[in-house]
Amino acid sequence: EQRSAEEIAAFYRMMKEKNEDYVCWLTVDGTAIDYPVVQRDNSFYLNHDFNGEKNRHGAIFMDELCNPEDEVLLLHGHHMKDGTMFGDLKQYKEDGFRKEHRKITLESEGGISEYRIFAVARVDLTDASSFRFEELPKTPEEKELYIEGLDASSFWYDDAQAQKDGAVLLLSTCDYGSDEERLLVAAKKIE
């Protein structure tokens, strides 16, 4: 059901009161991913939950280099075996699942943004030539190169979607419980 701008803003304020690090709410269609997103530095929420309690599941957090208004947003979350946090992203390795579940929603103070998934990549952090997804672009030129780098490291890529202008959202998690590999799911904002 549609919520009014007032309700969305009130929810944002309520979450901000619970935790001043709150940025937005993330929902990934067809998965258990339905969480608040926080932002501080890139280490605190690796082992603290939304309430700031010690927790090995951590929380979903926005990269410390991001500003929520940026053209490229990077969110991090653990790949938990029980499917919590970003554990469900592994389903995007399957063609059938990707076809059915392409929608990601971010709800922030200013309203609800919808994104459509266009790429799924695997990145080996030990490989110096691999896509440096954590080096976020700050100019339109850098963004173009960034998308090309993403394309090159993707095992699935939807050209039609990628060509569209618009903000990009990347979800990053460990692949197969390895600290050296990242699974990235990238989505374009639908205007």
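View 1. Glu-135 counts as exposed, because its relative accessibility is 53% (exposed is over 50% relative accessible area, buried under 20% and partly exposed in between, with a 1.4 Å probe and protein chains only). This is a predicted model, where local features need pLDDT of at least 70 and side-chain atom pairs count only at pLDDT 80 or more, while totals for chains, interfaces and linings use all residues. Residues are numbered from 1 along each chain as its sequence is written, and side-chain values use heavy atoms, with hydrogens and water left out. Glu-135 makes a salt bridge with Arg-132, with 3.9 Å between the closest N and O atoms (the cut-off puts a side-chain nitrogen of Lys or Arg within 4 Å of a carboxyl oxygen of Asp or Glu). Arg-132 itself is partly exposed at 28% relative accessible area.

**View 2. Glu-107 reaching Arg-3.** Searching the whole structure turns up 9 salt bridges. One of them joins the side chains of Glu-107 and Arg-3, at 2.8 Å from N to O. Glu-107 sits in strand E5 (residues 103-108) and Arg-3 in the segment before helix H1 (5-18), so this pair ties together parts 104 residues apart in sequence (helices, H or I, are DSSP runs of at least four residues and strands, E, of at least two, numbered from the N terminus). Glu-107 is buried, with 10% relative accessible area, whereas Arg-3 is partly exposed at 30%.

View 3. The side chains of Arg-40 and Asp-21 meet in a salt bridge, 2.8 Å from N to O. Asp-21 is in the loop between H1 and E1 and Arg-40 in the loop between E2 and E3, so the pair ties together parts 19 residues apart in sequence. Asp-21 counts as buried at 11% relative accessibility; Arg-40, at 40%, is partly exposed. The charged end of Arg-40 also sits over the ring of Phe-44, 3.9 Å from its centre (NZ of Lys or CZ of Arg must be within 6 Å of the ring centre and within 35 degrees of the ring normal).

**View 4. Tyr-22 and Phe-50, edge-to-face.** There are 7 aromatic pairs by the ring rule (centres of Phe, Tyr or six-membered Trp rings within 6.5 Å; planes under 30 degrees apart are stacked, over 60 edge-to-face, the rest tilted). Tyr-22 and Phe-50 are an edge-to-face pair, 6.2 Å centre to centre with 85° between the planes. Both Tyr-22 and Phe-50 are buried. Ring pairs also bring in Tyr-12, giving a cluster of Tyr-12, Tyr-22 and Phe-50.

View 5. Phe-118 belongs to strand E6 (residues 111-124) and Tyr-157 to strand E7 (residues 154-157), 39 residues apart. Phe-118 is buried, at 0% relative accessibility. The charged end of Lys-188 sits over the Phe-118 ring, 5.3 Å from its centre.

**View 6. Asp-88, buried without a salt bridge.** Asp-88 is in the loop between strand E4 (72-76) and helix H2 (95-100). Though buried, Asp-88 has no salt bridge, and Lys-90, the nearest side chain of opposite charge, is 4.5 Å away (Lys and Arg count as positive, Asp and Glu as negative; His and the chain ends are not counted). The Asp-88 side chain does reach the backbone nitrogen of Ala-32 at 2.7 Å.

How values were computed
A polar contact is a pair of N or O atoms within 3.5 Å; within protein, one must be able to donate a hydrogen and the other to accept it, and residues adjacent in sequence count only if both atoms are side-chain atoms.
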